[in-house]
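Dear colleague,

Please find below the structure I promised to hand over. After it I have written out, step by step, what I found when going through it.

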Amino acid sequence: MNGPYEIIDPRFRDFVLLNVSLRRLSTGHLWTEGPVWFPAHQCLLFSDIPNQKIYRWMCDGSVNVFRENSNFANGNTRDREGRLISCQHGTRSVTRTEHDGTITTLADQFAGKPLNSPNDVVVKSDGSIWFTDPTYGILSDYEGYKSTPEQDHHSVFRVDPDNGDLSQVAIDFAQPNGLAFSRDETLLYVAESGRSHDDTVPSVIRVYDVAADNGLENGRDFARVDPGLPDGFRVDCHDNLWTSAADGVHCFDANGVLLGKILVPETVSNLTFGGPRGNELLITATTSVYAIHVDTASAIA
Ligand code: MG
C-alpha cells in the first residue's frame, strides 16, 4: 500500500487512503501543540508553546499569527458553541475566548492554590470541560515560568458546566497529558507521559469508566505507546484512538490493539481531525504541522 504507513493489522487499510501523501502545512516553529479545527472559519489553530504564539492555518495555505502573546498556550479545543478553549502555562489556567474576543478564565486554582500548568483539554457534550494538570509548564522557563508546584497531585480536573466549579476526577498519574472521550462518552482516555522525566513510569494511555455522577472509575491501562510517549490524541467515528508517538501517529482499535502507524519525520505531539470535509488528520510535530487525508473522521460531529 502506497503512503507513509506501517500496517500492523490488515484492518488499518480501512481507515487510511492509497496514494495520499503527508503534506507539511507550516514549519520553522519550536514546539507545536494544541491543534484545533474550526469548521465555521475553515481554519486550524495551533500553539507554538516556547514562542508564546497561537497560529492560524487557512485553507488557502496561508499561516498567520492568531494570538501574539498566548501565555505559553498548549492544548486547545473548541466547545459546542464554537469557542476556543486553551490551556495556558504562563497563567497556569484554562481560558475560553468568547465570540467577541474577550478571554474568560475558567480555572486557575484548586483548593485555594494555583494549578500546576494545564496541558490539554476536552469538552463533553454536556458542556463540562475536562483538563489535565501536569507540571511541564513550570519545570523550566522554556515553556512557561519556572515555579514550585503547590498542588499535591498532578490531576485530571472537570469544570462543571452549570456553576463552573472545579472537581478533581483523577490523581493516579505521574504526568497526565492528552485526553479524549470515547464516541458515546462512557469512557475517558488519559495519557500518562511521566516517562519523559522518569524511566520507571510506563508509557501508556489509561482509560476510565465515566460514572453517571461524572466520577471516573475502574482506571486501567488501555495501550502502551512505543517508541516515545503518548502526548495528545483523538478518537474517531469508529472508536479508534489515534495518538502521538515518537515515530508518527499510532492507531489503536477500541480494544487497544495497534492497527498501524502513519509515519511522520518529526516527533508528534498532538493531532486533530479537520479540513474542509473533516477527513484529514492535522498533526503537530516538533517544528512543523502536517496533514494527511484519511478514511475516517472525528467522533465528535
Ligand atoms: Mg500535551
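Both N119 and D231 are buried, where buried means under 20% relative accessible area, exposed means over 50%, and partly exposed is in between, with a 1.4 Å probe and protein chains only. Together with N177, these residues coordinate the magnesium ion, through OD1 of N119, OD1 of N177 and OD of D231, at 2.2 to 2.3 Å. Donors are N, O and S atoms within 2.8 Å of the metal (3.2 Å for Na, K and Ca), and since water is not among the atoms, sites may look incomplete. Along the chain, the donors of the magnesium ion follow the spacing N-x57-N-x53-D. N119 lies in the loop between strand 12 (113–114) and strand 13 (121–123), whereas D231 lies in the loop between strand 20 (216–224) and strand 21 (233–235), 112 residues apart. Strands here (E, at least two residues) and helices (H or I, at least four) are DSSP runs, numbered from the N terminus.

Before going further, please keep in mind that this is a predicted model, in which local features need pLDDT of at least 70 and side-chain atom pairs count only at pLDDT 80 or more, while totals for chains, interfaces and linings use all residues. Residues are numbered from 1 along each chain as its sequence is written, and side-chain values use heavy atoms, with hydrogens and water left out.

Next come the salt bridges, each defined as a side-chain nitrogen of Lys or Arg within 4 Å of a carboxyl oxygen of Asp or Glu. A search of the whole structure finds 17 of these salt bridges. One of them joins E280 to R23, with the closest N and O atoms 3.0 Å apart; E280 is in strand 26 (residues 280–285) and R23 in strand 2 (residues 23–26), 257 residues apart. E280 is buried, because its relative accessible area is 6%, while R23, at 28%, is partly exposed.

Another salt bridge is formed by R206 and D172 (3.2 Å, N to O). R206 lies in strand 19 (residues 204–210) and D172 in the loop between strand 16 (166–170) and strand 17 (176–181), so this pair ties together parts that are 34 residues apart in sequence. R206 counts as buried at 14% relative accessibility, whereas D172 is partly exposed, with a relative accessible area of 40%. Salt bridges that share partners also join D79, E81, R83, R96 and E98 into one network.
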